[in-house]
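Please look over the model before reading on.

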Amino acid sequence: MRVLAAMSGGVDSAVAAARAAEAGHDVTGVHLALSRNPASYRSGARGCCTIEDSNDARRAADVIGIPFYVWDMSERFHADVVEDFMDEYAAGRTPNPCLRCNEKIKFAAVLDRALALGFDAVATGHYAQLREGPDGLVEMHRAADGGKDQSYVLGVLDQEQLRHSLFPLGDTPKSRVRVEAAARGLLVADKPDSHDICFVADGDNAGWLREKLGDRAPNHGGDIVDDATGEVLGSHEGTYGYTIGQRKGLRIGTPAPDGRPRFVLDIEPVSGTVRVGPRERLAVTRLRGIRPRWCGTVPTALDGPGVTVQLRAHGDEHRARVVVTPGGEVEVDLLDPAYGIAPGQAAVVYDGTRVVGSATIAATDRVPA
């Protein structure tokens, strides 16, 4: 096949490109320039977004012996990922920008352009596995390395996208990928992984949002309130600095009567109110998802011992019953409560190791006080 290998400048995408070439595919490497000003996003060798990452990707392509190009996706990335991130926090929700980037950039804009240019598939360094199912559809499964599994952030891919995707690393532990990179002479073998949001240079999400949003309504300052008593416990500079389930950084001078820590329970961006309370008030037993994305056939209901949902990247799996309503929304009953679940996060549905699809959490039901 003619394969376009998306090369971030990190070790995973470099080895994925090398494996695709070694498998006999006609491979071309491409680095995505995602920042309109590379210095304004990430500094240091963190795996994406910087000029040095582009150079690392180019050197890897040279070692592999494949053509290499840089595609400027900065405007699309800013509109679909960065602006979405700001808008979601401004509305009191908690987005996942990596998932949105996979949906809108890597497997929409890039794949569309690749197919238009005559490529058959896009290869990436994501840790997930693709298999042909009994119905002939392409199934996506969790990676062999559970600690590196990235199927959660790929749960937005539909069948057409999966048919044109390659994940060459899905069956390999990360430790072996680094050893292989060194053996192949790839200089990125020991390059650190990127863990933070790529466009927040110093990892300070709240500070970055404060700078970008400024005084834009409704992100003004407001009160931090005890959810049970209504007592004002403190103040804040903007609701965008908080997310449901947050414990640290509340700067509340008054301790709880029982001495236990408080957590963010609710965020009301219009009034500027942040409500806090004990951890048990975070327990969620039911949630409603919107804008579902299905990896294959659209289900009507899923109920069985292997049905789970994952609510955070690298988060726990929760046993669940899932129903898709006639209107296309997703209703999830959690058989065991989950804690700190925020609207805006993704609920990714699994049947065993197979990814069924995902939905954006719109509302949650908590255990009654």
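A pocket here is an open set of points on a 1 Å grid over the protein atoms alone, where a 1.4 Å probe fits, with protein on both sides within 12 Å along at least five of seven lines; lining residues have an atom within 4 Å of a point. The model is predicted: local features need pLDDT of at least 70, side-chain atom pairs count only at pLDDT 80 or more, and totals for chains, interfaces and linings use all residues. Residues are numbered from 1 along each chain as its sequence is written, and side-chain values use heavy atoms, with hydrogens and water left out.

**Pocket.** The second largest pocket is lined by 19 residues. Asp-226, Ala-228, Pro-257, Gly-277 and Pro-278 lie nearest its centre. It holds about 260 Å³ of space, a volume being the space filled by probe spheres set on the points. Its lining has nine nonpolar, three polar and seven charged residues. In this count Ala, Val, Leu, Ile, Met, Phe, Trp, Tyr, Cys and Pro are nonpolar, Asp, Glu, Lys and Arg are charged, and the others, Gly among them, are polar.

**Cores.** A nonpolar core is a set of buried Ala, Val, Leu, Ile, Met, Phe, Trp, Tyr and Cys residues joined through side-chain atoms within 4.5 Å. Buried means under 20% relative accessible area, exposed over 50%, and partly exposed in between (1.4 Å probe, protein chains only). The largest core has 28 residues, and Phe-77 and Phe-199 have the most contacts inside it. Strand E2 (26-33) and helices H3 (74-90), H4 (97-116) and H7 (205-213) each supply at least two of its residues. Helices (H or I, at least four residues) and strands (E, at least two) are DSSP runs, numbered from the N terminus. Another core, of 24 residues, lies apart from the largest one; Val-27, Val-177, Leu-186 and Val-188 are among its members.

In H7, Gly-207, Trp-208, Leu-209 and Leu-213 are buried. H3 is part of what covers the buried residues of H7.

**Two residues.** Ala-114 is in helix H4. Val-367 lies in the segment after strand E17 (354-366).

| Residue | Burial | Relative accessible area |
|---|---|---|
| Ala-114 | buried | 1% |

Contact means heavy atoms within 4.5 Å. Not counting residues up to four places away in sequence, Ala-114 touches Leu-4, Trp-71, Phe-119 and Val-122. On that basis, Val-367 touches Arg-281, Ala-283 and Thr-285.
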